[in-house]
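Let us learn to read a protein model step by step. Look at the sequence and the structure below, then follow the dialogue.

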Amino acid sequence: MIERNAMTKPDGANSPGPDANPSPRLLLLDEGDNVLVCTRPIAAGDQFLIDGRLHAAQVAIPVGHKVARHALAAGDKVLKYGAPVGSANRPIAAGEWIHLHNLDSDYIPTHSRKTVGSGSGGP
């Protein structure tokens, strides 16, 4: 089960644990989703719970961006709002930020980090 209050650990030496913040930073939009959405910025090193497991952000994650709910393999569909929004272009660990560096659009070729065409006239 997903932690409905999947929260980050505030900065500070005497900071409470990841469950102490009453406002979640990660939101599950649909039960079928394999991503959570950031409702507030997450700083690199911040800790948060997903399915009762503690994760630490490797990089800063902006508001509205996706975090893997569980590990994904290269080629797995990324589901948000219960619908596919793209495919993982490499393995993605649970709790990892998902964006253009590890997600390819299945619909619009310009929405990925892949180079489209070789300059020889083709898209």
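**Strands, sheets and cores**

S1 and S2 pair over 2 bridges, in the antiparallel sense. Strands are DSSP runs (E, at least two residues) numbered from the N terminus, and two strands pair if DSSP finds at least two bridges between them. This is a predicted model: local features need pLDDT of at least 70, side-chain atom pairs count only at pLDDT 80 or more, and totals for chains, interfaces and linings use all residues. Residues are numbered from 1 along each chain as its sequence is written, and side-chain values use heavy atoms, with hydrogens and water left out.

Q: Which residue stands opposite leucine 26?
A: Strands of a sheet pair through backbone hydrogen bonds, either parallel or antiparallel. Here, leucine 26 faces cysteine 38 in S2.

Q: What is the order of the open sheet of 4 strands?
A: The order is S1-S2-S5-S8, and the pairing is antiparallel. S1 (26–27) and S8 stand at the edges with a single partner strand each, so one side of each has no neighbour in the sheet.

Q: What is the order of the open sheet of 3 strands?
A: That sheet runs S6-S7-S9, again with antiparallel pairing. S6 and S9 (103–104) are at its edges, each with a single partner strand, so one side of each is left without a neighbour. S7 and S9 pair over 2 bridges. Alanine 88 stands opposite leucine 103 in S9.

Q: How many residues does the largest nonpolar core have?
A: In soluble globular proteins, nonpolar side chains tend to be buried together. A nonpolar core is a set of buried Ala, Val, Leu, Ile, Met, Phe, Trp, Tyr and Cys residues joined through side-chain atoms within 4.5 Å. Buried means under 20% relative accessible area, exposed over 50%, and partly exposed in between (1.4 Å probe, protein chains only). The largest core has 10 residues, including Leu26, Cys38, Phe48 and Ile61. S2 (35–38) and S3 (47–50) each supply at least two of its residues. A second, separate core has 8 residues, among them Val35 and Ile98.

Q: Is tyrosine 81 buried or exposed?
A: Tyrosine 81 is exposed, at a relative accessible area of 60%. Its place is the loop between S6 (77–80) and S7 (83–88).

Q: Is glycine 95 buried or exposed?
A: Glycine 95 is buried, at 8% relative accessible area. This glycine lies in the loop between S7 and S8 (97–98). Contact means heavy atoms within 4.5 Å. Leaving aside neighbours within four places in sequence, the contacts of glycine 95 include Phe48, His55 and Val67.
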